[in-house]
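Subject: A structure for you to look at

Hi there,

Here is the structure I promised to pass on. Please open it alongside this email, and then read on for what turned up in it.

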Amino acid sequence: MRILGIETSCDETAVSIITGNRGRLKIEAHVVSSQIATHRKYGGVVPEVAARHHVHNMIPVIMEALRTTHRTPDDIDAIAVTRGPGLITSLRVGVQTAKTLSYVWNKPLIGVNHMEGHVYANWLDQSNITFPVLCLVVSGGHTQLILMTDHGQYRLLGQTRDDAAGEAFDKVAKMLKLPYPGGPRIQKLAVKGNAQRFNFPRPMLNQNNDDFSFAGLKTAVLTVLTNHYQSKKPPLADICASFQQAVIDVLVQKTIRAANQYHTKSVILAGGVAANQPLREQLKQAVRTLNPRIKYGTPPLSLCTDNATMIAMAGYAQARKKRFDDWHTMEADPNWELV
């Protein structure tokens with residue numbers, strides 16, 4: 001089965017073609033047209049600008065995916081597209097494109113939840129996954145612990161009560177006057193810093209639940225900058241290292257606690273923040289310490305940030321169960337929750 005995936009939830013115009021055979025997945029095309037350079041001067045994504053770029057880039061990106069794989073519409077078995085959550089103006093470009101192609105090419109249509117796509121970015125190497133799976137989903141808009149008992153079966157264990165982890169990274173980077181996007185900049189500076197220099201709080205770490213909170217940690221960084229470094233240059237590397245470690249401590253310890261409580265057989269990391277190398281390594285070590293038999297999975301770095309391959313892989317899982325959408329009625333939903 002060959003799936004064409006489309007992703008336009010934010011500022012990446014992405015198209016992918018994958019093939020699946022008895023659950024084994026292979027990437028044929030992985031095309032992403034990034035808008036980072038465009039939005040950097042604004043310090044963040046401007047929805048109207050992102051949508052205009054999607055309109056401009058959508059067809060060329062689709063054509064490039066078909067051209068590089070020497071495929072034609074006849075070779076495509078189904079079309080998967082991000083239906084939400086995300087920026088409504090951006091989502092509509094991808095959804096309307098997919099609906100049009102579904103009608104013109106006479107192909108089944110699959111609406112995919114963006115966060116489910118991030119989870120399925122781990123399915124490229126299925127040897128690391130056995131149900132039940134504990135998913136730590138960390139991105140700019142979400143921080144969630146999700147228990148996955150089978151394909152398409154999710155239970156929300158906990159989530160952030162305010163800022164998502166990725167949002168906290170970006171806001172702290174802005175406080176430190178680092179260029180957009182902020183997360184990778186913080187990680188790069190943290191390598192040179194002392195993570196013990198500042199004793200930033202670990203919010204909700206000792207509370208008996210699976211929820212998160214990062215607004216207070218962000219405020220703690222602002223307090224340090226305001227009280228101590230108004231008239232002199234702050235030690236950026238030390239602040240970045242201390243902040244990053246505080247976030248990682250909360251994410252890792254909360255995940256391990258849930259993995260132990262729910263007796264999960266696999267732990268996987270997903271979302272844009274999954275590209276953070278210290279988080280990947282420390283969570284892996286913590287899982288091994290808890291139980292060496294628990295399988296641990298992380299997506300390839302190229303599949304951590306927004307891309308259409310993850311959408312195509314989630315679409316493939318739905319297509320195997322014959323779960324398709326009606327192109328007449330399917331619409332973008334910017335607030336669509338996975339669970």
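Let me begin with a term: a polar contact is a pair of N or O atoms within 3.5 Å, where, within protein, one must be able to donate a hydrogen and the other to accept it, and residues adjacent in sequence count only if both atoms are side-chain atoms. Two notes on the source come next. This is a predicted model, in which local features need pLDDT of at least 70 and side-chain atom pairs count only at pLDDT 80 or more, while totals for chains, interfaces and linings use all residues. Residues are numbered from 1 along each chain as its sequence is written, and side-chain values use heavy atoms, with hydrogens and water left out.

**A lysine in a loop**

The polar contact I had in mind involves K107: the backbone oxygen of P73 lies 3.3 Å from a polar atom of the K107 side chain. You will find K107 in the loop between α3 (88–105) and β5 (109–113); helices (H or I, at least four residues) and strands (E, at least two) are DSSP runs, numbered from the N terminus. K107 is buried (under 20% relative accessible area; exposed is over 50% and partly exposed is in between, with a 1.4 Å probe and protein chains only). Even so, K107 has no salt bridge, a salt bridge being a side-chain nitrogen of Lys or Arg within 4 Å of a carboxyl oxygen of Asp or Glu. The nearest side chain of opposite charge is D74, 5.1 Å away; here Lys and Arg count as positive and Asp and Glu as negative, with His and the chain ends not counted. Leaving aside residues up to four places away in sequence, K107 touches P73, D74, I76, D77, I79 and S102, where contact means heavy atoms within 4.5 Å.

N106 has a positive phi of about 60° although it is not a glycine, and it is exposed, with a relative accessible area of 67%.

**Salt bridges**

Side chains of opposite charge can pair when their charged atoms come close. How many salt bridges does the rule give? The count comes to 9. One of them joins the side chains of E331 and K99 at 3.3 Å, N to O. This pair links distant parts of the chain, 232 residues apart, with E331 in the segment after α10 (308–320) and K99 in helix α3. E331 counts as partly exposed because its relative accessibility is 40%, whereas K99 counts as buried at 8%.

D163, E167, K171 and K218 are linked in a network of salt bridges. Within it, D163 meets K171 at 3.7 Å, N to O, and meets K218 at 2.9 Å, N to O. D163 sits in the loop between β8 (153–159) and α5, and K218 in helix α7, 55 residues apart. D163 is buried at 8% relative accessible area, K218 is buried at 15%, and K171 is partly exposed at 32%.

**The cores and helix α8**

A nonpolar core is a set of buried Ala, Val, Leu, Ile, Met, Phe, Trp, Tyr and Cys residues joined through side-chain atoms within 4.5 Å. The largest one has 49 residues, and F200, F214, F243, L251 and L283 have the most contacts inside it. Elements that each supply at least two residues include β6 (133–138), α5 (165–175), α8 (236–262) and α9 (277–290). The largest share, 13 residues, comes from α8. A second, separate core of 31 residues includes M148, M310, A317 and A319.

Helix α8 is mostly covered, with 21 of its 27 residues buried. The expected span of a helix is 1.5 Å times one less than its number of residues; for α8 that gives 39 Å, and its end C-alpha atoms are 39 Å apart, which agrees. Just after α8, H263 takes a positive phi of about 55°.

**Backbone details**

Most residues other than glycine have a negative phi, and most peptide bonds are trans. Which residues does a cis peptide bond join? One joins F131 and P132, with omega about 0°, and another joins Y180 and P181, with omega about -5°. P132 lies in the loop between α4 (114–120) and β6, and P181 in the loop between α5 and α6.

Best wishes
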